[in-house]
Amino acid sequence: MPISWNEIRHNAVAFSKEWADVAREDAEAKSFWDEFFAVFGIRRRTVASFEEPVKNLSGNWAYIDLFWPGTLIVEHKSRGKSLKKAESQALEYVRALKDAGRDDEIPRYIIVSDFARIALHDLEENTSVEIELGELYHQVDKFAFIPGYRQHKLDAEDPVNIQAVELLGDLHDVLEAGGYSGHELERFLVRILFCLFAEDTALFERNAFTLYIENHTAPDGSDLGIHLGRLFQVLNTPSDRRQRNLLEELAELPYVNGDLFAEALSFAEFNRDMRNRLLSCCRFDWSRISPAVFGSLFQSVMEPKERRQIGAHYTSERDILKLVRSLFLDELRAEFEAVQGNKKKLQAFHDKLGRLTFFDPACGCGNFLVVTYRELRVLELEVLKKLHGRQKVVNVHDLSCVDVDAMYGIEISEFPARIAEVALWLVDHQMNQRLSEAFGLYFVRLPLQKSAKIVHDNALRIEWRDVLKPEQCSYVLGNPPFVGAKYQTAEQRGEMAQIAENVKNAGLLDYVTAWYLKAVDYIQGTNIRVAFVSTNSITQGEQVGVLWSELLRRGIHIGFAHRTFAWQSEARGKAHVHVVIIGFAAGEMDRKRIYDYETDEENPTVIPAKNISPYLVEGPDVVVVNRSKPLSNGKEIAFGNMPNDNGHLLMSSEERNAIIKNEPLAKKLIRRIYSAGDFIDGVPRWCIWLVDVEPSIYRRMPEVMMRINQVRKSRTASKRKTTQDLASQPALFGEIRQPKKRFLVIPKTSSERRKYIPMAFFEPDVIVSSELFTIEGATNYHFGVLTSSMHMAWVRQVCGRLKSDYRYSAKLVYNNYPWPESATDKQKTAVEAKAQAVLDARAAFPDSSLGDLYDPLTMPAKLVKAHTQLDRAVELCYRAKPFATDRERVEFLFGLYEKLTSPLTAALKKPKRGR
């Protein structure tokens with residue numbers, strides 16, 4: 001068992017005191033980490049090793065300072081050294097493990113330190129924290145993964161939710177540790193939650209559940225499991241069929257029905273501590289917890305690995321309401337406002353509310369259905385007050401016509417499916433209480449007569465019409481799983497292949513798109529409206545052309561769209577995900593609107609639109625597809641050179657110096673080479689470049705020849721025929737595309753944090769790898785346009801992503817970019833001058849890398865000003881009126897794109913003349 005947190009904190013204080021504020025030598029790093037692990041009661045050597053060898057991106061062997069396979073990489077630096085560079089080095093090791101096929105060893109965490117500071121990076125949650133060593137004991141819980149603790153947490157801004165999770169999580173953990181697990185534990189906890197909520201919300205007598213446990217079970221917990229089993233049995237038995245000799249406390253419990261207590265479970269064996277944990281749960285006021293977060297609450301006590309594999313993401317109420325309001329609630333409220341003065345129309349409106357049905361085909365724990373039902377009941381209550389406010393109501397049971405049987409869902413996991421049912425019953429009870437308060441009459445729906453229909457099955461394997469016939473459905477909504485195309489399981493890929501069988505290039509699609517394709521089948525020929533929360537990747541990059549070409553072909557129209565915003569989760573460890581909400585139907589929709597978060601992340605700007613494109617901007621239904629040549633005035637772009645050498649022609653500065661020391665004539669054969677990371681971070685790399693070099697020159701250089709021979713061997717050993725063929729010319733790069741004159745460089749990958757992708761000019765003697773694009777003969781005008789906010793707006797919308805980083809593309813992004821059509825010579829000259837000012841501003845900081853200069857936190861004011869002036873000069877080449885937002889820029893560029901491509905499209909579609 002792991003040691004207690006009190007012991008860990010005590011150890012952390014001693015560790016910090018010993019190591020903080022004392023100058024340390026690098027040689028002491030191993031002792032530092034041995035003692036760091038000891039803080040958590042772990043012997044470092046049992047889980048992690050020092051100096052793990054791994055081949056880096058240049059093909060040379062490097063050594064990870066400390067490596068815990070599948071969990072942690074530690075990179076240690078001298079005191080005062082940059083932790084950012086240490087993080088970059090650790091991330092290189094992660095990529096090297098991936099390239100080496102060691103996927104099961106890729107860690108979730110990276111720790112970097114310089115004795116004085118420790119920075120922890122969670123690669124899965126995309127979170128980071130930097131801690132001064134003297135403050136370690138305050139934040140030692142951040143390292144809970146080391147001793148094996150699970151952290152039960154929700155939104156840090158809601159302490160009530162945190163307390164609830166800790167209580168329920170503790171109960172879950174002790175039951176599971178005692179051997180009560182799996183399906184029975186999940187069912188048991190659902191029942192416990194229902195009872196806790198019921199006694200705090202007048203569904204049971206006040207504290208009925210708590211008092212029964214306190215008064216009728218042994219303090220050592222030995223008979224608690226049996227008593228709970230008896231209580232559950234009573235709740236499942238109608239009052240008139242119960243035994244006459246029941247304890248009064250049990251006899252007074254209501255009959256619940258609804259199958260919640262129907263299944264016979266084996267008894268959970270309790271001890272004194274476990275009974276105390278349950279009583280701690282009983283003393284909490286569960287009426288303060290919204291059923292809308294029950295799903296997140298329960299999910300937070302499950303293993304995170306299970307949640308990741310399923311792909312579930314649990315959205316906050318705030319974000320659920322964005323979808324609910326846009327899809328139907330705002331429209332219903334507007335209709336209510338219009339008819340509330342006419343009793344006949346108001347009654348018809350109330351009848352309409354009772355006929356509405358809602359279907360979530362990836363419902364998880366029911367968050368979307370719970371919020372939907374609650375908001376519908378709130379609206380209904382306002383209607384009922386208008387209809388019956390001045391009348392004496394005799395039977396309040398006859399008033400409400402909205403019930404939980406209007407809610408339908410599909411969920412692949414049994415536990416969340418059952419939670420969804422219970423959460424809907426509980427929110428129904430809450431709303432019944434509000435109805436009772438409004439009319440002064442008690443209203444409770446017990447025994448449960450109706451329930452939501454939540455089907456435990458795979459939504460991609462079953463027919464949705466078997467759950468709810470399309471002609472009976474009003475709205476489809478939800479938050480399908482977020483799983484990227486490259487991260488799908490074999491089973492998920494099989495489902496995608498079946499659903500997208502006739503979709504060209506479907507292998508590029510994220511898992512969520514399967515729900516879009518299924519929904520399109522489901523809603524054909526109906527007035528059903530659909531809205532899904534999705535990762536914004538389906539509105540960017542190649543996926544747009546694949547998915548939306550198919551959806552548009554099948555008559556789908558977008559009615560509203562929430563452009564990219566930061567998704568907030570109520571589940572533990574807020575995930576760092578950027579999402580969109582897209583509402584659509586199989587036909588035109590009225591009142592089209594776009595919700596834009598560019599200027600205010602909390603309060604979007606709502607923009608009416610005539611048409612919403614797949615890129616979620618106002619514009620035509622066009623999609624950008626790969627193009628082999630530039631669409632307009634741009635120069636041709638090319639990949640850099642591909643070594644295909646297994647690292648033998650590449651070298652670090654140290655290796656270069658060693659070769660030159662032994663073979664001075666080799667200096668002329670070694671050139672500077674850049675890949676994307678080296679280019680941005682300014683890390684010097686070198687390569688042997690023997691294009692057009694006489695063999696007699698390097699044949700007399702043993703070290704150069706040794707490297708050439710290694711290239712030949714590695715290519716010969718390759719399984720690829722094309723690589724084997726390259727073994728006949730081992731002195732050269734596998735693919736050579738080196739420009740002959742000055743050229744512009746664009747990195748394939750760049751951080752989304754940067755406002756601009758760093759670009760630069762090079763002369764032909766500098767070699768670039770295939771991780772960089774080259775534009776030979778580019779001028780300052782080309783550089784100015786490409787490094788402007790206009791081009792960056794296009795990049796953000798059109799390019800794909802590698803994780804969250806921009807993944808620049810020649811065929812998709814560059815070749816489709818609409819360059820200014822009618823820029824005058826004077827305007828072009830102005831752009832060239834402002835572009836040179838950007839280059840001059842960068843040159844004023846010769847010791848800073850492009851990564852330093854374009855980091856939003858360190859970008860020099862002089863460079864910011866130069867870019868701002870360049871942006872305006874480029875915009876003037878497009879139009880005189882300034883652009884206020886990226887959305888405006890993208891809308892303008894797509895209008896220009898349609899104009900440039902429509903003649904081509906017309907030519908392709910034009911029929912051939914007959915004879």
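This is a predicted model: local features need pLDDT of at least 70, side-chain atom pairs count only at pLDDT 80 or more; totals for chains, interfaces and linings use all residues.
Student: In which sense do β11 and strand β13 pair, and over how many bridges?

Tutor: Strand β13 covers residues 577–585, and β11 and β13 run antiparallel to each other, with 7 bridges between them. As a point of reference along this pairing, T535 stands opposite V579 in β13.

Student: How many of the residues of β11 are buried?

Tutor: The general idea is that in a regular strand the side chains alternate between the two faces of the sheet. In this case strand β11, residues 529–535, is mostly covered, since 6 of its 7 residues are buried.

Student: Let us turn to charges; how many salt bridges does a search of the whole structure find?

Tutor: A salt bridge is counted where a side-chain nitrogen of Lys or Arg lies within 4 Å of a carboxyl oxygen of Asp or Glu, and the search of the whole structure finds 46 of them. One of these joins R277 and D273, whose closest N and O atoms are 3.4 Å apart.

Student: How many residues apart are R277 and D273 in helix α9?

Tutor: R277 and D273 are 4 residues apart in helix α9, which means that about one helical turn separates them. R277 counts as partly exposed because its relative accessibility is 28%, and D273 is also counted as partly exposed, at 35%.

Student: Which parts of the chain does the salt bridge between E495 and R461 tie together?

Tutor: E495 and R461 form a salt bridge in which the closest N and O atoms are 3.7 Å apart. Because E495 lies in helix α16 (residues 490–499) and R461 in the loop between β9 (453–456) and β10, the pair ties together parts that are 34 residues apart in sequence. With 1% relative accessibility E495 counts as buried, whereas R461 is partly exposed, with a relative accessible area of 44%.

Student: Where do D521 and R554 lie, given that they too are tied together?

Tutor: The side chains of D521 and R554 meet in a salt bridge with an N to O distance of 2.0 Å. D521 belongs to helix α17 (residues 513–523) and R554 to the loop between α18 (542–553) and β12 (557–567), so this pair ties together parts 33 residues apart in sequence. D521 is partly exposed, with a relative accessible area of 45%, and R554 is partly exposed at 22%.

Student: Which residues are linked in a network of salt bridges?

Tutor: Such a network links R796, R872, E875, D886 and R889.

Student: Which residues form a negative surface patch?

Tutor: The negative surface patch is formed by E205, E248, E249 and E252. One of these, E252, is found in the loop between α8 (248–251) and α9 (272–283).

Student: Finally, is G221 buried or exposed?

Tutor: A residue is called buried when its relative accessible area is under 20%, and G221, at 0%, therefore counts as buried. G221 lies in the loop between α6 (208–216) and α7 (224–235). Although G221 and R275 are 54 residues apart in sequence, their C-alpha atoms are 5.4 Å apart in space.

Methods: Residues are numbered from 1 along each chain as its sequence is written. Side-chain values use heavy atoms; hydrogens and water are left out. Patches are made of residues with over 30% relative accessible area and no salt bridge: like charges are joined within 9 Å, nonpolar side chains (Val, Leu, Ile, Met, Phe, Trp, Tyr) within 5 Å. Accessible areas come from the Shrake-Rupley method with a 1.4 Å probe; for residues, only the protein chains shown count as cover. Lys and Arg count as positive and Asp and Glu as negative; His and the chain ends are not counted. The place of a charge is taken as NZ of Lys, CZ of Arg, CG of Asp or CD of Glu. Helices (H or I, at least four residues) and strands (E, at least two) are DSSP runs, numbered from the N terminus. Buried means under 20% relative accessible area, exposed over 50%, partly exposed in between (1.4 Å probe, protein chains only). Two strands pair if DSSP finds at least two bridges between them.
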